[in-house]
Amino acid sequence: YLSVGLGGDLAWEGPDRNSTYSASLNGYFDSVDLIRFNGVETGSDNRTSLAGTFKWNRVLDSASSMQLGATVSNQSGFLGTPYNSVFIDEVGGLREVNEVLPDSRMRYSFYGSYRRWIMDGGAAEIATRIYNDDWGIFGLSLEPRWYQQVGENLLMRFRYRYYDQSAADSFGLFTTEEAFMTQDSELGDVNSHTIGVRIIGYRDGLQGWDAGLDYVMRSHELDHIVASAGYLWTF
């Protein structure tokens with residue numbers, strides 16, 4: 001798998017200086033070696049992904065702010081997972097075949113958040129995101145967060161996230177081969193609950209490092225533990 005990404009961002013301030021706007025355009029150009037579930041190699045294929053994003057941040061008053069945004073993306077080429085397979089329930093038993101998905105996908109997401117200072121060193125935030133694509137998937141998330149200042153140079157963020165998703169049109173159980181078929185749990189009907197914490201360290205007033213840990217409980221029992229760490233070098 002080889003991926004090359006290119007992108008750019010543009011940000012500007014509103015005339016009243018209480019609003020900031022940003023627009024970005026990003027593209028990924030991938031080459032995928034097709035190694036199937038049974039180890040058979042069927043050459044390689046390409047995938048192109050283009051995404052445009054617009055964000056609006058607004059300071060509402062001395063204690064609150066909000067953000068709204070939207071992303072539209074288009075993918076084309078080989079969009080499946082090479083090693084995924086599909087079981088066909090035929091007379092006489094199951095037959096395993098390659099996953100087959102459309103070679104184009106339009107994706108749309110809209111999101112927003114509202115944050116308010118509650119007490120000295122503490123702020124609450126509520127965020128939501130709506131997702132839809134032309135594969136038939138609709139998703140909705142709701143995420144409350146709490147930010148707590150711990151000392152002068154340390155901030156902690158606690159969060160809970162609920163996510164619910166409908167299945168793609170091509171997801172299901174099959175008795176005959178169809179034009180598009182998948183049994184990938186990521187494209188199925190699923191909901192999840194996430195709890196997590198992130199610690200952010202500052203240096204000279206700027207973010208210097210962060211570390212986080214999330215536990216994701218999913219309805220199809222493929223639970224996740226996700227750890228992350230980062231360091232920001234400013235020059």
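1. Val72, Tyr108, Phe110, Ile130, Phe138 and Leu140 form a nonpolar surface patch of about 520 Å². Patch members have over 30% relative accessible area and no salt bridge, and nonpolar side chains are joined within 5 Å. A salt bridge is a Lys or Arg side-chain nitrogen within 4 Å of an Asp or Glu carboxyl oxygen; areas are Shrake-Rupley values with a 1.4 Å probe.

2. Please bear in mind that this is a predicted model, where local features need pLDDT of at least 70 and side-chain atom pairs 80 or more, while totals for chains, interfaces and linings use all residues. Residues are numbered from 1 along each chain, and side-chain values use heavy atoms, without hydrogens or water.

3. At least two patch residues each come from strand E7 (104–119) and strand E9 (138–149); strands are DSSP runs of at least two residues, numbered from the N terminus. Leu140 sits in strand E9 and is partly exposed, at 40% relative accessible area (between 20% and 50%).

4. The largest pocket holds about 550 Å³ of space. A pocket here is an open set of points on a 1 Å grid where a 1.4 Å probe fits, with protein on both sides within 12 Å along at least five of seven lines; lining residues have an atom within 4 Å of a point. Its 27 lining residues include Arg105, Arg107, Gln165, Glu186 and Leu187, which lie nearest the centre.

5. The second largest pocket has a volume of about 460 Å³, and E7 gives the largest share of its lining, 5 residues.

How values were computed
Patches are made of residues with over 30% relative accessible area and no salt bridge: like charges are joined within 9 Å, nonpolar side chains (Val, Leu, Ile, Met, Phe, Trp, Tyr) within 5 Å. Helices (H or I, at least four residues) and strands (E, at least two) are DSSP runs, numbered from the N terminus. Buried means under 20% relative accessible area, exposed over 50%, partly exposed in between (1.4 Å probe, protein chains only). Grid points are joined across faces, edges and corners, and a volume is the space filled by probe spheres set on the points.
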